Amino acid sequence: MKWLLILVILFGVILFGAVDAATSAKHRKHSTKQPTPTPTPTASPKSKKVSPTPSPTPKSKSKRKKAFPTATPGESPSETETPSASPAESPEAGRGKKGWPNVSLSPDAIEGYEKDPTKVQQILDAGLALTKQNLGYTYGSADPANGGMDCSGFIYYLLKQNGFSDVPRDSSQQYVWVRKAGNLYAVLSRKEDSFEFDDLKPGDLLFWRGTYNIDRDPPITHTMIYLGREKRTNKRVMIGSSDGRTYDGKQRWGVSVFDFKMPPPPKSGDAKISPVFVGYGRIPGLSED
């Protein structure tokens, strides 16, 4: 009986130890598995949060798509031609600008004016009268009633009013008109005291190219009429309509007296517009008497 009691006690101890070991093993197993699930839920929300982050990308694409339609009308041929031609061909740019007042001179202020042929005096008088009307530069206009004229419009109106019915309207064709008559004196020099100006006389038409971008043949873009030398300064002066040429070192816009001087040579590699003086010539059919 005593031995039986001892065996029961021993068996209970062994059984309790086995149960305790199994419990602790199970606990260890459970504790080792728990850290693994913990990062898993943490990682999965992070990955889900990262995926929504790119979702604004489509929105930014839609914004860019909205921007393209806005730019498209500006790139259409009809719209690009009008704005680019407008500022380039006309100083409608000059229209809104505030320069120094337009300038006029009396015939007495021009050296040798009294010796000019009667018809030349008549033309120059009419041109100087236009400089007193405070006319602006208006592209496409050849009538002072519009409040202004462009460069070739000034020449066209002035000569039409003085009996030259065959004068062309634009500067390129006015150049052809003078050249066909055999009256053109070409100028290659950029110096104002060049011998090429020995034949320059009051009443001669003056021609430039490269004053703005335009595809025309011949590429003449600007014209004015020569007045002579101003007594006060001994400088050559001219009359016409411009969008910013100078007189006495100050810019003027519209119908005015301007300094006649050679444009500076273009800088090397300069892609900007480079005005070049081409030549001058007598008005076809003008009497020298």
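## A covered helix

How many of the 10 residues of helix H7 (residues 151–160) are buried? Seven are, and H7 is mostly covered. Here buried means under 20% relative accessible area with a 1.4 Å probe, counting protein chains only. The buried residues of H7 are Cys 151, Ser 152, Gly 153, Phe 154, Ile 155, Leu 158 and Leu 159.

## About the model

This is a predicted model, in which local features need pLDDT of at least 70 and side-chain atom pairs count only at pLDDT 80 or more, while totals for chains, interfaces and linings use all residues. Residues are numbered from 1 along each chain as its sequence is written, and side-chain values use heavy atoms, with hydrogens and water left out.

## The chain as a whole

You will find eight helices and eight strands in the chain; these are DSSP runs numbered from the N terminus, with helices (H or I) of at least four residues and strands (E) of at least two. Of the 289 residues, 35% count as buried. The chain exposes about 17,700 Å², and 58% of that comes from carbon and sulfur atoms; the areas are from the Shrake-Rupley method with a 1.4 Å probe.

Among contacts (heavy atoms within 4.5 Å) with a separation of 6 or more, 59% join residues 24 or more positions apart.

## A look at Thr 131

Thr 131 sits in the loop between helix H6 (118–130) and strand E1 (136–137). Because its relative accessibility is 3%, Thr 131 counts as buried. A polar atom of its side chain lies 2.5 Å from the backbone oxygen of Leu 128.

Leaving aside residues up to four places away in sequence, Thr 131 touches Asn 102, Val 103, Ser 104, Ile 239, Val 255, Ser 256 and Val 257.

How values were computed. Buried means under 20% relative accessible area, exposed over 50%, partly exposed in between (1.4 Å probe, protein chains only). A polar contact is a pair of N or O atoms within 3.5 Å; within protein, one must be able to donate a hydrogen and the other to accept it, and residues adjacent in sequence count only if both atoms are side-chain atoms.
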